Amino acid sequence: MPKISIPDLPAYSGSGPITRIAGALGAYEGRAISAAFGMEKLGAAIETLMPGSASSHRHWHERTDELVVVLEGEIFLVENEGETLLHPGDIAVFPAGIDNGHCLKNRSDAPARFLVAGTRDPQDRCIYPDAGIIMEPDGRLVRTDGRPVADGSP
């Protein structure tokens, strides 16, 4: 089995299309485990949230299971029920199809690092309840009432 060190994993940063509607997330860095090993059915990465940043906007998946394991620092898990402070070794799971919008926020003054993994289902839809937006399997953004989201429109 091939071995690779975290600093040698493919790096990514930036934001997805939802940020142009719902707002920026702040600084973060990701290291793509799945891309390094050609994994197609499981997405896995190590992400580092800088102080004041968020992992995403609150969201949930119709057909994708997600798992987060905190590795370093403190991260707030924000869900429908409220917020929970997570420390290294804490695990959060989000089964597919459960309407529990969630994200992670770093409110500390130090970077926080976590492992995130999720199944990959080509028919998955991702729902962003606070923004009233759904990301369709083909990447299109639509409003929860079905209207399309025009490029750059809030």
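**Close-up 1. Arg-107 and its salt-bridge partner.** Arg-107 is partly exposed, with a relative accessible area of 45%. This is a predicted model, and in it the side chain of Arg-107 meets that of Glu-83 in a salt bridge, at 2.4 Å from N to O. Glu-83 counts as partly exposed too, at 42% relative accessibility. The two come from distant parts of the chain: Glu-83 belongs to strand S7 (residues 82-86), while Arg-107 sits in the loop between S9 and S10, 24 residues apart.

**Close-up 2. A salt-bridge network around Arg-125.** Here Glu-62, Arg-125 and Glu-136 are linked in a network of salt bridges. For Arg-125 and Glu-136, the closest N and O atoms are 3.2 Å apart. Glu-136 is buried, at 14% relative accessibility, whereas Arg-125 is partly exposed, at 24%. If you're keeping count, the structure holds nine salt bridges.

**Close-up 3. Arg-31, a buried arginine.** Arg-31 has its place in strand S2. With a relative accessible area of 17%, it counts as buried. Its side chain meets the side chain of Glu-29 in a salt bridge, 3.3 Å from N to O; Glu-29 is partly exposed, at 33% relative accessibility. Leaving aside neighbours within four places in sequence, the contacts of Arg-31 include Ile-6, Pro-7, Tyr-12, Ala-44 and Ile-46.

**Close-up 4. The largest pocket.** This pocket holds about 1200 Å³ of space. Of its 44 lining residues, Glu-47, His-59, His-61, Glu-66 and Val-116 lie nearest the centre. Elements giving two or more residues to the lining include strand S2 (28-32), helix H2 (33-37) and strand S3 (42-49). S10 brings the largest share, five residues. Sorted by class, the lining has 22 nonpolar, 16 polar and six charged residues.

**Close-up 5. The nonpolar cores.** The largest nonpolar core has 14 residues, and Val-68, Ile-75, Leu-77, Leu-86, Leu-104 and Phe-114 touch the most other members. S3, S5, strand S6 (75-79), strand S8 (91-94) and S10 each give two or more residues to this core, and S10 gives the most, three. Zoom in on Leu-77 and, setting aside neighbours within four places in sequence, you'll find it in contact with residues including Leu-86, Ala-92, Phe-94 and Leu-104. There is also a second, separate core of seven residues, with Ile-18, Ile-21, Cys-126 and Val-149 among them.

Technical notes. Residues are numbered from 1 along each chain as its sequence is written. This is a predicted model: local features need pLDDT of at least 70, side-chain atom pairs count only at pLDDT 80 or more; totals for chains, interfaces and linings use all residues. Side-chain values use heavy atoms; hydrogens and water are left out. On a 1 Å grid over the protein atoms alone, a cavity is a set of points where a 1.4 Å probe fits but cannot get out, and a pocket is an open set with protein on both sides within 12 Å along at least five of seven lines; lining residues have an atom within 4 Å of a point. Grid points are joined across faces, edges and corners, and a volume is the space filled by probe spheres set on the points. Helices (H or I, at least four residues) and strands (E, at least two) are DSSP runs, numbered from the N terminus. Ala, Val, Leu, Ile, Met, Phe, Trp, Tyr, Cys and Pro count as nonpolar, Asp, Glu, Lys and Arg as charged, and the others, Gly among them, as polar. Buried means under 20% relative accessible area, exposed over 50%, partly exposed in between (1.4 Å probe, protein chains only). Contact means heavy atoms within 4.5 Å. A nonpolar core is a set of buried Ala, Val, Leu, Ile, Met, Phe, Trp, Tyr and Cys residues joined through side-chain atoms within 4.5 Å. A salt bridge is a side-chain nitrogen of Lys or Arg within 4 Å of a carboxyl oxygen of Asp or Glu.
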